[in-house]
Structures are given as structure tokens and as C-alpha cells.
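Here are my notes on this one, as numbered points. Have the model open while you go through them.

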Amino acid sequence: MEITSKSISDNVSIVSLNGALNARSAEEAKQTFRHLVEQGVSRVIVDLQEVPFIDSSGLAALVSGLKTLGGEASNLKLAAPQSQARLLFELTMFDRVFEIHDSVDDALESLDQV
């Protein structure tokens, strides 16, 4: 798993994940969210475009990130999930917990509306 983050403003970052979000990479993802909050980031868009697979540990890492950012769905938005991830969110009903957008651009536009 490769994780990169890009600052959009003082308090907004895009976190791009590349690879499976699973038990092996979940802790690294959680660390990334904690590190961003320590830097003053309060809103994160997670780009899932390059994530072919998410398991329960990966889902837990995203939930942890949501809690780390204050628990509001508008603080951690998911963007461009592939079909397996989208199905996982629907089956677990986490599509009601997370704000999920079709693209990073859509998620960025939604920031302006909040």
C-alpha cells in the first residue's frame, strides 16, 4: 500500500491510497489520519480510485479516520471507490456513514457547499 497526501488548504487534504486496504495496510492508514490531524487538518478526502480491495480491517481504518477527524461524515469523504469497495460499503451499510463521491473533484466541490 502506498499512501500519499496532498494539502489543498490549511485544514483540507487529499489522501490517495494505492493498493489493497487490508489488515497489512490498515495501521499505516490510521497513522496517516492521526498525523494529518496533528498538523491541523480537519477535513480529508480519501481517494480510493487505486484501491482494488478493502477488507474489514481496511473498513475499520476508515472508521478510525472518521472518528479521528471528529466523527462528522463531512470531515472524511470517500472518493472514486472501485466496485468491490462500493459493494462493501453498501452491504455493511457504511454507505450511510460515509459521504461517498464518484470522483475527487465531486468531493472537492462538496466542500464548498458545507
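Is K77 buried or exposed? Point 2 has the answer.

1. A word on the ground rules. This is a predicted model, so to speak of local features takes pLDDT of at least 70 and side-chain atom pairs count only at pLDDT 80 or more, while totals for chains, interfaces and linings use all residues. Residues are numbered from 1 along each chain as its sequence is written, and side-chain values use heavy atoms, with hydrogens and water left out.

2. K77 is buried, at a relative accessible area of 0%. (Buried is under 20% relative accessible area, exposed over 50%, partly exposed in between, with a 1.4 Å probe and protein chains only.) K77 has a salt-bridge partner in E99, at 2.5 Å from N to O. (A salt bridge is a side-chain nitrogen of Lys or Arg within 4 Å of a carboxyl oxygen of Asp or Glu.) E99 sits in strand β5 (residues 99-101) and K77 in strand β4 (residues 76-79), so this pair ties together parts 22 residues apart in sequence. E99 itself is partly exposed, at 24%. (Helices, H or I of at least four residues, and strands, E of at least two, are DSSP runs numbered from the N terminus.)

3. The whole structure has 4 salt bridges. Have a look at the network that links E27, K30 and R34. E27 meets K30 at 3.9 Å, N to O, and R34 at 2.8 Å. K30 and E27 are 3 residues apart in helix α1 (residues 26-38), which puts about one helical turn between them.

4. (Contact means heavy atoms within 4.5 Å.) The two axes come within 8 Å and cross at roughly 10°. (Axes are lines fitted to C-alpha atoms, for helices over the stretch in contact, and angles run from 0 to 180 degrees between N-to-C directions.) α1 and α2 are therefore roughly parallel. (That label is for angles under 35 degrees; over 145 is roughly antiparallel, 65 to 115 roughly perpendicular and the rest oblique.)

5. Which residues of helix α3 (residues 83-91) are buried? They are A85, L88 and F89. Down the axis of α3 they fall within an arc of 95°, so they line one face of the helix. (The arc is that of the directions from the helix axis to the C-beta atoms.) S83 and L91 are exposed on the other side. The buried residues of α3 pack against β3 (43-50), α2 (56-68), β4 and β5. After α3 comes M93, with a positive phi near 65°.

6. F89 belongs to an aromatic cluster too, linked by ring pairs with F94 and F98. The count is 2 aromatic pairs. In F94 and F98 the ring centres are 6.2 Å apart and the planes at 35°, so the pair is tilted. (Rings of Phe, Tyr and Trp, the last by its six-membered ring, pair if their centres lie within 6.5 Å; planes under 30 degrees apart are stacked, over 60 edge-to-face, the rest tilted.) F94 is partly exposed, at 23%, whereas F98 is buried, at 5%.
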